[in-house]
Amino acid sequence: LEPSSEPATLSVSAEISESAESSAAASAAASEAPASEAAASTGTPLYLVDGNTGNALGEKLPAGSLQEFIEVEGNGCSVGPNSFDIQKATAGKTVAIFGLPGAYTPTCSAKHVPGYVAMAGELKSAGVDEIWCVSVNDAFVMGAWGRDQKTSGNVRMMADGSADFARAAGLTLDLTARGMGLRSNRYSMLVKDGVVTTLNVEGPGKFEVSDADTMLRQARELR
């Protein structure tokens, strides 16, 4: 299964998680270097160089892979978890990506995922080729959650099981105190040909800027 230079905008609600801010502070010495150079030389998450998520805009997504549970064998995919190279899967496409702290959690199940499922048709009419939901869960959990949420044909449920993508992007949320370990922050981004054109990061406990309505508006503006 083949997974599915324009203006950039940024919307950030409140402040980014404390753990992400501390990672960003470590990159202060690289403040004079371009974002991609600084990230490569210091190991700082790409999107938080100098503590500013605006550095993500115009940058390519981090290299790596995400896993998706495939229900029907075909087109080179077997039933079960399949790995997809992020850069290859976004090449030549416009992809709306939204990240969230965890499968089956209240806001994620009641608002975030249902919003994108309900607006999938409008987003695709606005030029979005694919919609991805990314969470730090394994592919089996994401597959089961997707069935519950009826995402098939609308939203691809992408597993970032070891939080590699979240860490590389600087979009982690430390929920260790709640017994949940390192998770993904709640965010959304519009990616065109592997390049980030919008990034909306929620403040702690917020659900204000990463919703499907905001993404639809941005997709229409940047079409």
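**Figure 1. Phe98 and Tyr116 as an aromatic pair.** Phe98 and Tyr116 are both buried, a class that requires under 20% relative accessible area, with exposed meaning over 50% and partly exposed in between (1.4 Å probe, protein chains only). The model is predicted: local features need pLDDT of at least 70, side-chain atom pairs count only at pLDDT 80 or more, and totals for chains, interfaces and linings use all residues. Residues are numbered from 1 along each chain as its sequence is written, and side-chain values use heavy atoms, with hydrogens and water left out. Three aromatic pairs are counted; rings of Phe, Tyr and Trp (its six-membered ring) pair if their centres lie within 6.5 Å, and planes under 30 degrees apart count as stacked, over 60 as edge-to-face and the rest as tilted. The pair of Phe98 and Tyr116 is stacked, at 4.0 Å centre to centre and 5° between the planes. Phe98 belongs to strand β4 and Tyr116 to helix α4, so the pair ties together parts that are 18 residues apart in sequence. Helices (H or I, at least four residues) and strands (E, at least two) are DSSP runs, numbered from the N terminus.

**Figure 2. The tilted rings of Tyr104 and Trp145.** The ring centres of Tyr104 and Trp145 are 6.1 Å apart and the planes stand at 40°, so this pair is tilted. Distant parts of the chain are linked here, with Tyr104 in the loop between β4 and α4 and Trp145 in helix α6, 41 residues apart. Tyr104 is partly exposed at a relative accessible area of 45%, whereas Trp145 is buried at 0%.

**Figure 3. The largest nonpolar core and the surroundings of Ile131.** A nonpolar core is a set of buried Ala, Val, Leu, Ile, Met, Phe, Trp, Tyr and Cys residues joined through side-chain atoms within 4.5 Å. The largest one has 27 residues, and Phe98, Tyr116, Ile131, Cys133, Trp145 and Val155 have the most contacts inside it. Two or more residues come from each of β4, α4 (106-118), α5 (120-125), β5, α6 (139-149), β6 and α8. Helix α8 gives the most, with five residues. Apart from neighbours within four places in sequence, Ile131 is in contact with Ala96, Phe98, Tyr116, Ala120, Leu123, Asn154, Val155 and Arg156, where contact means heavy atoms within 4.5 Å. A second, separate core comprises 22 residues, including Cys77, Val95, Ile97 and Ala169.

**Figure 4. Helix α8 and its start.** Helix α8 spans residues 212-222, and its buried residues include Ala212, Thr214, Met215, Leu216, Gln218, Ala219 and Leu222. At the start of α8, the backbone nitrogen of Asp213 has a side-chain oxygen of Asp211 within 3.2 Å.

**Figure 5. Salt bridges of Glu130.** A salt bridge is a side-chain nitrogen of Lys or Arg within 4 Å of a carboxyl oxygen of Asp or Glu, and the whole structure holds seven. One of them joins the side chains of Glu130 and Lys93 (3.2 Å, N to O). Glu130 is in strand β5 (residues 130-135) and Lys93 in the loop between α3 (86-90) and β4 (94-100), 37 residues apart. Glu130 is buried at 3% relative accessibility, and Lys93 is buried at 17%. Glu130 also meets Arg156 in a salt bridge (3.0 Å, N to O). This second pair links strand β5 to Arg156 in strand β6 (residues 156-159), 26 residues away.

Figure 6. Arg167 and Asp164 meet through their side chains in a salt bridge (3.0 Å, N to O). Both lie in helix α7 (residues 164-169), three residues apart, about one turn of the helix. Arg167 is partly exposed at 40% relative accessible area, and Asp164 is partly exposed at 48%. Elsewhere, salt bridges that share partners join Glu68, Lys93, Glu130 and Arg156 into one network.

Figure 7. Most residues other than glycine have a negative phi. Lys150, in the loop between α6 and β6, has a positive phi of about 55°. Ala163, in the loop between β6 and α7, has a positive phi near 65°. Lys150 is exposed at 64% relative accessibility, while Ala163 is buried at 2%.

Notes:
A polar contact is a pair of N or O atoms within 3.5 Å; within protein, one must be able to donate a hydrogen and the other to accept it, and residues adjacent in sequence count only if both atoms are side-chain atoms.
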